Amino acid sequence: MTATTFNVQNLRGQALLFRCLETGFVTTAPALTRYQQGRGIDTSRRELVGERPAQWCSTRPVTICEHCGLAIKGNQWTVRQHQQSKRCTRSRTQLHV
């Protein structure tokens, strides 16, 4: 029997995807446990979906800024940060008084 390193043992639970039976949320086992505990759902209410694809976490949503047309990778917080920055043309437009 070969010895398994701590990293391999630690990542073993993250190689499979599970679905919450109450909400339908799909993620890895450790993340689903935190998700269910945070919402007061019984952690045994899950089903195995299958193996995690190789590109599971490497894609981020892309949003187009309605003011300058720039493609912004990230969530709504990233879009808001962009619109408040000097890169967005909205922040450079002058208000006519």
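Entry 1: I looked up Phe25 and found it partly exposed, at 35% relative accessibility (partly exposed lies between buried, under 20% relative accessible area, and exposed, over 50%, with a 1.4 Å probe and protein chains only). The model is a predicted one, in which local features need pLDDT of at least 70, side-chain atom pairs count only at pLDDT 80 or more, and totals for chains, interfaces and linings use all residues. Residues are numbered from 1 along each chain as its sequence is written, and side-chain values use heavy atoms, leaving out hydrogens and water.

Phe25 and Tyr35 are stacked, at 4.1 Å centre to centre and 15 degrees between the planes. Phe25 lies in the loop between strands E1 (16–20) and E2 (26–28) and Tyr35 in helix H2 (residues 29–39), so the pair ties together parts 10 residues apart in sequence (DSSP runs numbered from the N terminus: helices H or I, at least four residues; strands E, at least two). I noted Tyr35 as buried, at 15% relative accessible area.

**Entry 2: His82 and helix H3.** I located His82 in helix H3 (residues 76–84), and its relative accessible area of 8% makes it buried. Beyond neighbours within four places in sequence, I found His82 in contact (heavy atoms within 4.5 Å) with Cys65, Cys68, Leu70, Ile72, Arg87 and Cys88. I listed the buried residues of H3 as Val79, His82 and Gln83.

Terms used
Rings of Phe, Tyr and Trp (its six-membered ring) pair if their centres lie within 6.5 Å; planes under 30 degrees apart count as stacked, over 60 as edge-to-face and the rest as tilted.
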